[in-house]
Amino acid sequence: MLKTYTHKNVGTCSQSVTITYDDSTHIIDSVSFLYGCPGNTAGVAKLCKGRTLEEIKDILKGTTCARKPTSCPDQLALAIADILKEN
């Protein structure tokens with residue numbers, strides 16, 4: 001069953017990230033960012049499709065943007081961590 005989760009981003013140009021995933025397999029169906037750098041967020045979203053929540057969280061966690069302590073990919077990893085805590 002597909003589920004959707006939206007995370008409000010903090011400290012990034014994008015305002016939020018929405019993840020649609022299969023609840024039983026944790027396979028990501030889609031990722032979309034509200035605002036942010038269009039090419040970068042679209043590229044990250046394409047790379048996530050078909051991978052597991054766990055895999056993407058491990059890859060993206062801690063990614064920074066310039067001098068910021070976070071980034072759009074890091075916010076995606078935090079959103080996935082929230083999903084995994086709920087399950």
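The letters E and H stand for strands (E, at least two residues) and helices (H or I, at least four residues), which are DSSP runs numbered from the N terminus. Phi of Tyr 35 is near 70°, a positive value in a residue other than glycine. Most residues other than glycine have a negative phi. With 54% relative accessibility, Tyr 35 counts as exposed; the cut-offs are under 20% relative accessible area for buried, over 50% for exposed, and partly exposed in between, with a 1.4 Å probe and protein chains only.

Before going on, a word on what you are looking at. This is a predicted model, in which local features need pLDDT of at least 70 and side-chain atom pairs count only at pLDDT 80 or more, while totals for chains, interfaces and linings use all residues. Residues are numbered from 1 along each chain as its sequence is written, and side-chain values use heavy atoms, leaving out hydrogens and water.

Now step back to the whole chain. Its secondary structure comes to three helices and three strands, and along the sequence they follow the pattern β-β-β-α-α-α. The C-alpha atoms fill a box of roughly 35 × 25 × 20 Å, taken along the principal axes. For 87 residues, a compact globule would have a radius of gyration near 12 Å, and the chain agrees with its 12 Å; this radius is taken over C-alpha atoms, and the globule rule is 2.2 Å times the number of residues to the power 0.38. Of the 87 residues, 38% are buried.

What lies inside? The largest nonpolar core has 19 residues, and those with the most contacts inside it are Ile 19, Ile 28, Val 31 and Leu 76. Strands E2 (16–22) and E3 (28–34) and helices H1 (38–48), H2 (53–60) and H3 (72–86) are the elements that give two or more residues to this core. H3 gives the most, with six residues. Such a core is a set of buried Ala, Val, Leu, Ile, Met, Phe, Trp, Tyr and Cys residues joined through side-chain atoms within 4.5 Å.

Take Ile 28 as a guide. Leaving aside neighbours within four places in sequence, Ile 28 is in contact with several residues, including Ile 19, Tyr 21, Cys 48, Leu 53, Ile 56 and Ile 80. Contact here means heavy atoms within 4.5 Å.

Next, visit the loop between E2 and E3, where you will find His 26. His 26 has a positive phi of about 65° although it is not a glycine. Is His 26 buried or exposed? At 16% relative accessibility, His 26 counts as buried.

Another loop, between strand E1 (2–8) and E2, holds Asn 9. Asn 9 is buried, at 8% relative accessibility. Beyond its neighbours within four places in sequence, the contacts of Asn 9 include Val 17, Phe 33 and Gln 75. The C-alpha atoms of Asn 9 and Leu 78 are separated by 9.1 Å, although these residues are 69 residues apart along the chain.

Finally, look at Tyr 5 in strand E1. Tyr 5 has a relative accessible area of 18% and is therefore buried. Tyr 5 and Lys 68, in turn, are 63 residues apart in sequence and 24 Å apart in space, C-alpha to C-alpha.
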